[in-house]
Amino acid sequence: MAYTSGKVLAETMDETRNLTRFYLSKLKGEDMHRQFDVNGFTTNSPFWIMAHLCWAENMLLLQCMGHKGVDIPWLKDYRIGSTKDSKPANEPSLEEVLAAMKEIHAVAMENLSKMSDDELDVDNALGVAFGENRSKRFMAMHAIRHEGTHLGQLSLIAKMYGKQTV
């Protein structure tokens, strides 16, 4: 079976999301809005992390790739730079966030897996840059590492709840 870069990136993102889901499963039944104070730092809540991952995947793996993205009004409330400490006026329910995570991810994986090397090597549609790199390929790589960063937070939160994670 021949793999394109788009398929490899999509599979890597999908496996990263599977790990996110694993840590979220450890938090089932817990207060998803709880923030922990650790050495003077307040963690993101699991809820905020989930909603933020929805925004990030929609922006990085759909809009940056030239897709219109999934139209969910509350996404903008969880963009980079949004405050984890204030509750948005139109805060979604946990069920809405879980459904959005599933919907956005499915569309993003379908879209990304079909992208050719040539398509991935052009600048992204939003002009987002990390350093000098604006390629769609780099946006996909950043989406993977971004999700990995936040799933690490979920792992730590699960441990703070006393959950067995390994």
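What percentage of the 166 residues in the protein do the buried residues make up? Please then examine helix H3 (residues 94-113) in detail.

Modeller: Buried residues account for 44% of the 166 residues in the protein, where buried means under 20% relative accessible area, exposed means over 50%, and partly exposed lies in between (1.4 Å probe, protein chains only). The model is predicted, so that local features need pLDDT of at least 70 and side-chain atom pairs count only at pLDDT 80 or more, while totals for chains, interfaces and linings use all residues. Residues are numbered from 1 along each chain as its sequence is written, and side-chain values use heavy atoms, with hydrogens and water left out.

The setting of the helix comes first. The protein has five helices and two strands, arranged from the N terminus as α-β-β-α-α-α-α; these elements are DSSP runs numbered from the N terminus, helices being H or I with at least four residues and strands E with at least two. The radius of gyration is 16 Å, which agrees with the value near 15 Å that a compact globule of 166 residues would have; it is taken over C-alpha atoms, and the globule rule is 2.2 Å times the number of residues to the power 0.38. Of the contacts with a separation of 6 or more, 70% join residues 24 or more positions apart, contact meaning heavy atoms within 4.5 Å.

Helix H3 itself comprises 20 residues and spans 28 Å from its first C-alpha to its last, close to the 28 Å expected at 1.5 Å a residue; the expected span is 1.5 Å times one less than the number of residues. Its buried residues are Val97, Ala100, Met101, Ile104, His105, Ala108, Met109 and Leu112. They lie on the same side of H3 because they cover an arc of only 150° around the axis, the arc being that of the directions from the helix axis to the C-beta atoms. The face turned away from this buried side bears the exposed residues Glu95 and Lys102.

The packing partners of the buried residues of H3 are helix H1 (5-26), helix H2 (46-63), helix H4 (117-120) and helix H5 (136-160). Glutamate 57 lies in helix H2 and, at 3% relative accessibility, counts as buried. Neighbours within four places in sequence aside, glutamate 57 is in contact with Met13, Arg17, Leu62, Met101, Ile104, His105, Ala108 and Met109.

Of its 47 residues, Cys54, Leu61, Trp74, Val97, Ile104 and Leu112 touch the most other members. H1, H2, H3 and H5 are the elements that give two or more residues to this core, and H2 supplies the largest share, 13 residues.

Lysine 68, in the loop between H2 and H3, is exposed, with a relative accessible area of 73%. Its C-alpha stands 28 Å from that of alanine 2, although the two are 66 residues apart in sequence.

Key. Core = buried A, V, L, I, M, F, W, Y, C linked by side-chain atoms within 4.5 Å.
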